[in-house]
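Look at the structure below before reading on.

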2 protein chains.
Amino acid sequence: MAIEFFNDSPGITDVPGFRVGAAGCDIRNKGLERLDLTVILADKPCAAAGVFTTNDVKAAPVRFCQSALIASKGMVRGIVANSGNANACTSVQGDQDAEAMAKLAAAAVGSPSDTFMVCSTGRIGELLPMKKVAAGITEATKRLSRDSAEGTRAAEAILTSDTRPKTATACFAWQGKKITVAGFAKGAGMIEPNMATMLAFVATDVSAEPAFLKAALKSATDQSFNCVSVDGDMSTNDTVILLASGASGVALNAQADGALQKLFQEALDRICFALAEKIVGDGEKITKVVAVEVEGARHRADAEKIARAIGNSLLVKSSWFGEDPNWGRLADAAGYARTGLDEAKLDIHYEDVPAVLAGKPLPENKPRWKEIVKARQFKVRINLNLGSAKFRLLASDLTDGYVNYNKSE
Amino acid sequence: MAIEFFNDSPGITDVPGFRVGAAGCDIRNKGLERLDLTVILADKPCAAAGVFTTNDVKAAPVRFCQSALIASKGMVRGIVANSGNANACTSVQGDQDAEAMAKLAAAAVGSPSDTFMVCSTGRIGELLPMKKVAAGITEATKRLSRDSAEGTRAAEAILTSDTRPKTATACFAWQGKKITVAGFAKGAGMIEPNMATMLAFVATDVSAEPAFLKAALKSATDQSFNCVSVDGDMSTNDTVILLASGASGVALNAQADGALQKLFQEALDRICFALAEKIVGDGEKITKVVAVEVEGARHRADAEKIARAIGNSLLVKSSWFGEDPNWGRLADAAGYARTGLDEAKLDIHYEDVPAVLAGKPLPENKPRWKEIVKARQFKVRINLNLGSAKFRLLASDLTDGYVNYNKSE
């Protein structure tokens, strides 16, 4: 009962019961060539769950989705999403525009209104060009299909400063039936703790209650999207939505076979983790992906604080960019997380090579660390030797390219 | 009874009862020309107070000072400080070296040991070259004087990546006697909330109990050094020390005339704030100093969280560098401070020009914000309109120069 995993798949068109369509409607005022509108449609009403940004300043579409999921009791028809404009900090008009997007999408597919989720990503503080968005919705719904080429177009249409689409598919068999979990995501800037500027859409063909999906999604998100950091800036729009069509004929709920539940959770975890990893790997102008593994903590929260302090330290991130194994900056950041670490017990490793053991530097190993940090991906391990709790954060370096890219919008 | 204030003064040589000496002893292995060792000596035992980094990983000299202040009951002879090596993460040998510095300085001036404070700043994780340090202490103590030229040399000898010395002097009269408060500081990298990589030495000629000095220094520090941020990285070595010689003949304690206490606190506040401002203004490769004023908060802690989220946001700091008045990023960072702000009540101003009022963007003012952010110094004001608490943080931009400067040690 192994799970088959496909990287860079077509994404949601792999999942029976769903069609997608994408269009370019010139939300950026730079021409119709660039795709910027995606519609995901379930063949019939389907169960949905969402996890959203915890930012006090939530974009209009986030507020809309949260309300719509309650009003619809978690039964929806699909998702309409645009890139190029975040519809965030847009006051009352922003709420009206988000609602209008849902209604336009529902009307275009002949579904009752209030059954579409709405997502936006892009510039903050500007009103959506609703005429263009309406044209885009019309065009995208005309193109709805299960073609893998359209799946790839849909994954492209939500991108902003990403350089490539991010998709993944997992399948497994259960009692002669095939179950699929697949999704696509976008990331790039404002990528950080607790839901990044990112959208991720995941679909599956099990049938399940919304509450069951919500728990499964929350668990997968905590160990994937919430464990990555590019720049520490949490966005106003972060959203992960999971839809379940039921087309596989396999029902999942809290009373289902434990082995089935476990397989499903594992498939969902893998999809979310793969998408999160792709988001870090395609962070704005990054050159390194570094796994920060903190272990031996008294509590998981302590390990997480230290991992985030390290992964978000400008000095640490700059030294990664420079391929300089500056473990002193790791120790400094670990210390200012203020979890009560004991320097005399602290071990620091680059991969398996110790740089510090029990607080004592091992400068003789420097040539070996220097080799390790030249790789595009490597691991730093901080052992506090105070307990058994741990946390792993996937972080990126900070480059002059990032600063120059973000100098202006 | 006005306070006279002198910017870019000679610093501590302005204060009766103190002498300083500086030397170059080649701690960096780059020659003797660069000054890297400072000694500050009181003519006789004097009261002292210190405020230190709250980092769990404290450098050896910080641990030494904290113990020595207790052992000496706050009565010391002076300070010995070096730049070029932080003596941090140096295990047991680091503690022995810090103690040896204190003993060498004490022996050189014929004072009992345990009466010198020790400070170090520079690279982390390397042992001090103690032979060189000993030679530097001998040289610096030979040069001890009240000459203003030596005062400037002492202020130079503690610098690391700073581009200029940071000094200030304040004087006022009390019952026909002149009272002076003066100091010098270093900053540049690892400058952040709650004591930065910074050393600041302040001297005065009042006579006072150590406990009185401690309270006055804590109050001044909270409103100066703890309200600045360059890169959000809190260091292992941050130290502010205040010494009081009593040479003015004016005694200060909790029973002293309220007007005198107030004047002294104001002079001390001004010196600390001036030094803190100079530290931000000379942050590594910065081009902008931005005052982030958060007001209308329910609690001061909420206002502080928001100001720090804004002042430490990579996206906000990058946009300041680009002279792009991207208020959306200010709103986003204010939101992820998660103080429970209400977007519909949020006002954002650049200086006195509104960008957002009651959550509604005012794009027509954009040409005016664009002018404001071209200045080297400007102010952003965030009014939450929820209460009357406020916080002001002095922050800098983030430049490609900072990243490239910090790529390697």
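In helix H2 of chain A, the residues Gly94(A), Asp97(A), Ala98(A), Met101(A), Ala102(A), Ala105(A) and Ala106(A) are buried, meaning under 20% relative accessible area with a 1.4 Å probe, protein chains only. Helices here are DSSP runs of H or I with at least four residues, and strands are E runs of at least two, numbered from the N terminus. An α-helix has 3.6 residues a turn, so residues three or four places apart point the same way. The cover over the buried residues of H2(A) includes H1, S4, S5 and H3 of chain A, where contact means heavy atoms within 4.5 Å. After H2(A) comes Gly110(A), with a positive phi near 70°.

This is a predicted model: local features need pLDDT of at least 70, side-chain atom pairs count only at pLDDT 80 or more, and totals for chains, interfaces and linings use all residues. Residues are numbered from 1 along each chain as its sequence is written, chains are lettered from A in the order in which they are written, and side-chain values use heavy atoms, without hydrogens and water.

Chain A also has an open sheet of seven strands with mixed pairing, in the order S10-S18-S13-S17-S14-S15-S16; two strands pair if DSSP finds at least two bridges between them. S10(A) and S16(A) are the edge strands, each pairing on one side only. S10(A) runs parallel to S18(A), joined by two bridges.

Between the chains, 54 residues of chain B are in contact with 54 residues of chain A. There are two salt bridges between them, each a side-chain nitrogen of Lys or Arg within 4 Å of a carboxyl oxygen of Asp or Glu. Arg63(B) forms one with Glu343(A), the closest N and O atoms being 3.1 Å apart.

Methods: Buried means under 20% relative accessible area, exposed over 50%, partly exposed in between (1.4 Å probe, protein chains only).
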